[in-house]
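Please open the structure in your viewer and keep the sequence panel beside it. The tour below goes from one selection to the next and says what is to be found at each stop.

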Amino acid sequence: MNIQRQNWLISRRHFLRGAGACIALPLLQCMVPARAATPPGPQPRRGVFIYLPNGVNTYEYQILEAGVEYKLSKPMASLEKHRSVITPISGLHHPSGLGHHHNCQRIWLNAAKVGQTHRATISVDQLIAQQTAPYTRFPSLEISNQGGSMACSADGVMLPSHASPEAAFKELFEEPKGGTTAQRRDFNRRASVLDAVMDEAKKLESELGKEDKGRLDQYLTSVREVEIRTQRSDEWLDIPRPKLEPAMQSHLNRDISLQMLGDYLRTMYDLIALSFQTDITRVVTFVTGDEGKGPAIPEIGVRQDRHSLSHHSGNADRKRELAESDAFNISQFSYFLDKLKATPDGEGNLLDTTMALYGSGMSYGHSHGNANLPIIVAGGTKLGVRHGQHLDFNRTKDFKGYDGHGPVYFKPVNEEARLSNLLLTMAQKLGVGTDSFADSLKPISELNA
């Protein structure tokens with residue numbers, strides 16, 4: 001039952017070793033022969049999923065106009081220069097419905113029900129990583145500055161995350177302690193254990209009932225996943241990691257206090273951009289704050305955490321500071337888009353081949369509501385993504401405009417406007433051949449170029 005003993009994997013290993021260190025470099029013109037149609041392998045498709053905890057100050061955040069002629073709200077003003085490569089989306093909701101919970105980040109990408117994370121299935125980022133993993137040293141990168149990942153494996157297990165730029169940098173760009181020999185010895189030991197587990201499972205399978213066979217199959221799915229990752233990691237051991245300039249190393253390989261949130265976020269965004277530029281991974285999740293806390297921003301005078309600000313009980317100062325926190329966080333996302341756009345990639349730039357999802361699993365944190373989620377999609381124009389408009393799924397035939405309490409919805413206006421529809425759309429654009437994801441109904445056709 002060892003699924004790694006396949007010819008295509010051997011072929012892939014020879015290809016990677018034959019390519020040498022160039023596999024870890026960005027695509028350069030000197031790598032492509034003058035008359036070559038395309039470089040080896042498919043065009044890179046990259047996905048990054050960025051989570052803002054505790055929703056937003058909806059009254060300030062909500063865009064009032066739909067379509068192309070929309071005006072960005074004050075908290076989103078920093079994105080004005082990116083209008084041609086972003087799509088703000090209103091009216092999407094999560095299937096879990098209203099509930100008092102602080103684990104929305106855990107279910108944002110897999111559409112599990114609130115309180116049923118034990119039944120969670122694969123998150124969309126990991127579904128995409130299954131397609132991109134054969135071409136990169138790391139299948140995906142998980143970052144979370146206060147704990148709590150969004151990435152969920154095929155059997156519903158949350159993947160560990162890095163909290164600091166230093167930890168993530170060491171994982172991506174530094175050779176492991178003990179060198180290649182020690183790491184290969186560890187991989188071989190792990191492979192032997194996995195082989196033994198699979199052999200025992202094969203003997204046991206014939207003795208189990210239908211229900212137990214289903215549970216065993218779920219368990220073996222995780223074993224196979226570990227086996228695949230182990231084999232691919234072994235194949236990369238003989239390929240040097242990309243060499244970075246000393247200035248870049250010192251900038252990224254450091255521990256940064258959340259007391260300077262802007263520095264922290266920009267450094268993480270630099271690290272993500274570099275991981276895409278060097279093609280060391282093509283899938284990243286980034287939780288910018290834990291739902292139960294969410295970092296304060298002392299550098300701009302916002303000293304309370306986002307959780308406290310979102311539970312404002314009508315306090316005008318807290319509402320104002322939440323809007324300021326929204327604007328600050330979105331401006332850092334705008335910086336990330338600047339970075340991707342300024343980084344060459346083949347005949348374009350990294351933003352052309354990267355789809356970015358920015359938003360939250362709550363809309364109005366004071367009520368823990370998840371109707372009308374704050375969502376922004378960016379990039380991916382070379383992947384067939386259309387931008388330049390505000391998609392507003394709240395505008396049903398009964399829509400009467402955003403006035404009074406209009407921006408705050410306690411239940412979905414449009415039941416068919418599901419966040420999972422967007423996740424399905426992103427999965428398809430990023431190379432996953434599927435017609436559904438979680439409780440999705442259909443892809444969002446308005447995003448098609």
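Begin by selecting glutamate 80, which is partly exposed, with a relative accessible area of 41%; here buried means under 20% relative accessible area, exposed over 50%, and partly exposed in between, with a 1.4 Å probe and protein chains only. A salt bridge is a side-chain nitrogen of Lys or Arg within 4 Å of a carboxyl oxygen of Asp or Glu.

Before going further, note that this is a predicted model, in which local features need pLDDT of at least 70 and side-chain atom pairs count only at pLDDT 80 or more, while totals for chains, interfaces and linings use all residues. Residues are numbered from 1 along each chain as its sequence is written, and side-chain values use heavy atoms, with hydrogens and water left out.

Now show the whole chain as a cartoon, in which there are 12 helices and nine strands; helices (H or I, at least four residues) and strands (E, at least two) are DSSP runs, numbered from the N terminus. Of the 449 residues of the chain, 52% count as buried.

Next, colour the open sheet of seven strands, whose order is β3-β4-β1-β7-β8-β2-β9, with mixed pairing; two strands pair if DSSP finds at least two bridges between them. At its edges are β3 (141–144) and β9 (391–392), each of which pairs on one side only. Within the sheet, select β1 (residues 46–51) and β4 (residues 283–287), which pair in the parallel sense over five bridges, and look for isoleucine 50, whose bridge partner in β4 is phenylalanine 286.

Which strands does helix α12 touch? Select residues 419–429 and you will see helix α12 packing on the sheet, where it touches β1, β2 (86–90), β7 and β8 (375–379), and its direction makes about 165 degrees with that of β7. Then bring in helix α9 (residues 261–277), which lies across β1, β3, β4 and β7 (354–359) and runs at about 170 degrees to β4. Axes are lines fitted to C-alpha atoms, for helices over the stretch in contact, and angles run from 0 to 180 degrees between N-to-C directions.

Move on to aspartate 345, found in strand β5 (residues 344–345), and buried with a relative accessible area of 11%. Leaving aside its neighbours within four places in sequence, aspartate 345 is in contact (heavy atoms within 4.5 Å) with Arg46, Leu350 and Thr353. The side chains of aspartate 345 and threonine 353 are also joined by a polar contact of 3.2 Å, a term for a pair of N or O atoms within 3.5 Å, where within protein one must be able to donate a hydrogen and the other to accept it, and residues adjacent in sequence count only if both atoms are side-chain atoms.

Finally, return to the salt bridges, of which a search of the whole structure finds 12. One of them joins the side chains of aspartate 326 and arginine 306 at 2.9 Å, N to O. This pair links distant parts of the chain, with aspartate 326 in helix α11 and arginine 306 in helix α10 (residues 306–310), 20 residues apart. Both aspartate 326 and arginine 306 are buried.
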